[in-house]
Amino acid sequence: MNKVFLFLMMFVCLIFMGCSHSMRITNTADYFSPVSSPLREPVKLGVTSSNDTDIQNSRYVTSIVDALQRTGSFERVIYPFSQAIHKEQADIIVDITVSPHYSGRGSNFFVNWPGFLIFAPAIWGYGYNAEIETRVNITHLKDGRSQQLTIPIKYKFRQAEIDRTWTEIGWLEWGVIPLIGGIVFTSYDTDVTDEFISKVSPNYGPYIAKKILEAM
């Protein structure tokens, strides 16, 4: 009896070790940003954002700033810019506001049930959406001209980790656990947000930076 129990425990551990799916953003090609020609004359840019105090959303802004710095279009990029501190050190001020909305997909139900029978969560992962609205206000300090941009992006990505795939143990009973889990897992898993931002930033930052340069 002890040998059977030990074997069962080892088998369950092996299943858990394999029950994950690395994060994969499936539509980054939709927002591919080829290298842009730099501005004819480099300018000094100041960047402000209301997202500075938000731990997660400020990372989106940082990815845009990094991409702007790499374009070669700016003599300097000051972020975070303060009118009181930096005064005449900028020619153009860009204010950036990032508003992301994350959601799960209804198809996650079927990934979990009856998908648990073939370990579908580990094979395909659960599906999520990230709709990111980026609002940019560009102000030319020399003549006071300003313009506003609203840039919508919708990323689709898949991922699965043990905090959800543990429900695959449904094969040990009558499938009730993955059935209930499937209903719950149609919602978004907030645990994946930090990893998503890390993976999407090299695509998102240059895309928004290009839009800003085009507007200039």
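Modeller: Start at the second largest pocket, where helix 8 (residues 193-215) gives the largest share of the lining, three residues. This is a predicted model, so local features need pLDDT of at least 70 and side-chain atom pairs count only at pLDDT 80 or more, while totals for chains, interfaces and linings use all residues. Residues are numbered from 1 along each chain as its sequence is written, and side-chain values use heavy atoms, with hydrogens and water left out.

Some terms come first. Helices (H or I, at least four residues) and strands (E, at least two) are DSSP runs, numbered from the N terminus. A pocket is an open set of points on a 1 Å grid over the protein atoms alone, where a 1.4 Å probe fits, with protein on both sides within 12 Å along at least five of seven lines. Lining residues have an atom within 4 Å of a point.

The second largest pocket has a volume of about 190 Å³. Volume here is the space filled by probe spheres set on the points, with grid points joined across faces, edges and corners. Its lining includes Ser-33, Pro-34, Val-35 and Ser-36. Ala-67, Arg-70 and Thr-71 also line this pocket. So do Pro-206, Ala-209 and Lys-210. By class, the lining has five nonpolar, three polar and two charged residues. Ala, Val, Leu, Ile, Met, Phe, Trp, Tyr, Cys and Pro count as nonpolar, Asp, Glu, Lys and Arg as charged, and the others, Gly among them, as polar.

Now the largest pocket. Its volume is about 360 Å³. Six charged residues, four nonpolar and one polar make up its lining. Among them are Val-43, Asp-91, Ile-92 and His-140.

Strand 2 (residues 43-49) runs parallel to strand 4 (residues 92-104), with five bridges. Strand 4 also pairs with strand 5 (residues 126-140), this time antiparallel and over 13 bridges. Two strands pair if DSSP finds at least two bridges between them. Thr-48 faces Asp-95 of strand 4. Ser-99 faces Glu-133 of strand 5.

Look at Ser-49, in strand 2. Ser-49 counts as buried because its relative accessibility is 10%. Buried means under 20% relative accessible area, exposed over 50%, and partly exposed in between (1.4 Å probe, protein chains only). Its side chain reaches the backbone oxygen of Ile-96 at 2.7 Å. A polar atom of that side chain also lies 3.0 Å from the backbone nitrogen of Asn-51. Leaving out residues up to four places away in sequence, Ser-49 touches Val-61, Asp-95 and Ile-96. Contact means heavy atoms within 4.5 Å.

Arg-76 sits in strand 3 (residues 74-78). At 38% relative accessibility, Arg-76 is therefore partly exposed. With residues up to four places away in sequence left out, it touches Val-43, Lys-44, Leu-45 and Gln-89. The side chains of Arg-76 and Gln-89 make a polar contact at 3.1 Å. That term means a pair of N or O atoms within 3.5 Å; within protein, one must be able to donate a hydrogen and the other to accept it, and residues adjacent in sequence count only if both atoms are side-chain atoms.

Last, the whole chain. The protein has eight helices and six strands. Of its 216 residues, 44% are buried.
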